[in-house]
Amino acid sequence: MYHLMKFIPLYSKVQRPCTSTPMIDSFVRLMNEFTNMPVPPKPRQALGDKVVRDIRPGAAFEPTYIYRLLTVNKSSLSEKGRQEDAEEYLGFILNGLHEEMLNLKKLLSPVDEKLMVSNGPKSHSVSEEDQEQGEGSEDEWEQVGPRNKTSVTRQADFVQTPITGIFGGHIRSVVYQQSSKESATLQPFFTLQLDIQSDRIRTVQDALESLVARESVQGYTTKTKQEVEISRRVTLEKLPPVLVLHLKRFVYEKTGGCQKLIKNIDYPVDLEISKELLSPGVKNKNFKCHRTYRLFAVVYHHGSSATGGHYTTDVFQIGLNGWLRIDDQAVKVISQYQVVRPAAERTAYLLYYRRVDLL
């Protein structure tokens, strides 16, 4: 993401007083605010043989132009000083950057050229023998899966941009109905939403397994008003280079209002997405290195309330070959143990993983 933004030219307000890409411009400006951190001196021994590293971060600054983006795009997040949801804000940023790049792509492409790119994984192209196009439909086909079972698959037209190239994945949602063909929908995602409400869910692995568990859907009726038994299952169709896991801590109660789940969820530094979580068509086409991730950042929410609190971030700094804890302008070195160790005052909210073959 940093290299992408540094690759785009930085223009001043004088050079470009009017812009159709305020989000891209603002993030290019943000990335250019940072200079390389001085190489820290060799660790010095402190009392009790504890190794201490000194780091010298640059001067703190307030990126007011990033705040202003919220009003430019008429976001529901646009009230300055209000407590915001970190995952909602991340989605707003990634979708906004993606949309601006999409519009630039349209300007660069001839009118008659189709921009549409399949939102299935690149490694899984359905051959003519395997698919039968639906009549007059370009976004629906009959797909032959394992054991020659067929399913009708629908997908939204989804155009690739550099943002989807980093964060974009796809899930397959399949609906099973008695004596009917399976109906599948491919949907894009930037963050993978993990429900952690159940008492059985104690780890990220538990939450991922729960995500793909088959569930029955109640109260579904046909056109003739007959109630039928149907079930639904979600699987992972395409994994992105950067996998962001959202631990859904803020839940709406039946009585109204939003509550925060304080429970600890264990998360590993090295995460392997098991084949069982993948869609049948891609299960055997992903090498282990394409399913193995390493943690590089954690966003925490501090506080017990869903309507207030504070966010901090731990991030792996490559030059330091270690972890930094960032709390507004306070930056300090911490150990990996401190990153994965649960603490009562802070709960992990967003987990950022990077595919190991890209490290």
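Which residues lie nearest the centre of the second largest pocket? I will come to that after a word on the model.

This is a predicted model, in which local features need pLDDT of at least 70, side-chain atom pairs count only at pLDDT 80 or more, and totals for chains, interfaces and linings use all residues. Residues are numbered from 1 along each chain as its sequence is written, and side-chain values use heavy atoms, with hydrogens and water left out.

First, the chain as a whole. It has seven helices and 19 strands. Helices (H or I, at least four residues) and strands (E, at least two) are DSSP runs, numbered from the N terminus. Of the 359 residues in the chain, 39% are buried. Buried means under 20% relative accessible area, exposed means over 50%, and partly exposed is in between, with a 1.4 Å probe and protein chains only. Contact, here and below, means heavy atoms within 4.5 Å. Among contacts between residues at least 6 apart in sequence, 62% join residues at least 24 apart.

Now the pocket. Rolling a probe the size of a water molecule over the atoms shows where empty space is left. The search uses a 1 Å grid over the protein atoms alone. A cavity is a set of points where a 1.4 Å probe fits but cannot get out, and a pocket is an open set with protein on both sides within 12 Å along at least five of seven lines. Lining residues have an atom within 4 Å of a point. Grid points are joined across faces, edges and corners, and a volume is the space filled by probe spheres set on the points.

The second largest pocket has a volume of about 720 Å³. Its lining has 29 residues, and Arg 16, Thr 21, Ile 24, Asp 25 and Ser 26 lie nearest the centre. Helices α2 (22–32), α3 (64–72) and α4 (86–108) each supply at least two lining residues. The largest share, six residues, comes from α2. By class, the lining of this pocket has 16 nonpolar, seven polar and six charged residues. Ala, Val, Leu, Ile, Met, Phe, Trp, Tyr, Cys and Pro count as nonpolar, Asp, Glu, Lys and Arg as charged, and the others, Gly among them, as polar.

How do α2 and α4 sit against each other? They pack at an angle of about 115°, with their axes 8 Å apart. That makes α2 roughly perpendicular to α4, a label that covers angles from 65 to 115 degrees; under 35 counts as roughly parallel, over 145 as roughly antiparallel, and the rest as oblique. Axes are lines fitted to C-alpha atoms, for helices over the stretch in contact, and angles run from 0 to 180 degrees between N-to-C directions. From α2, the residues Pro 22, Met 23, Ile 24 and Phe 27 meet Phe 92, Ile 93, Gly 96, Leu 97, Glu 100, Met 101 and Leu 104 in α4. This contact has nine nonpolar, one polar and one charged residues. Note that Ile 24 is in the contact and also among the residues nearest the pocket centre.

How many cavities of 30 Å³ or more does the structure hold? There is one, and the largest cavity has a volume of about 100 Å³. It is lined by 14 residues, and the closest to its centre are Asn 264, Ile 265, Tyr 267, Pro 342 and Ala 348. Strand β19 (residues 346–355) gives the most to this lining, with three residues. The lining divides into seven nonpolar, two polar and five charged residues.

On to single residues. Asn 321 has a positive phi of about 55° although it is not a glycine. Asn 321 is found in the loop between β16 (310–317) and β17 (322–327), and is exposed, with a relative accessible area of 61%. Asp 328, in the loop between β17 and β18 (330–334), also has a positive phi, near 55°. Asp 328 is exposed at 55%.

Is Ser 279 buried or exposed? Ser 279 is buried, with a relative accessible area of 1%. It is in the loop between β14 (270–272) and β15 (292–302). Not counting residues up to four places away in sequence, Ser 279 touches Arg 172, Thr 235, Leu 236 and Glu 237.

Last, Gln 205 is in helix α6 (residues 204–211) and counts as partly exposed, at 27% relative accessibility.
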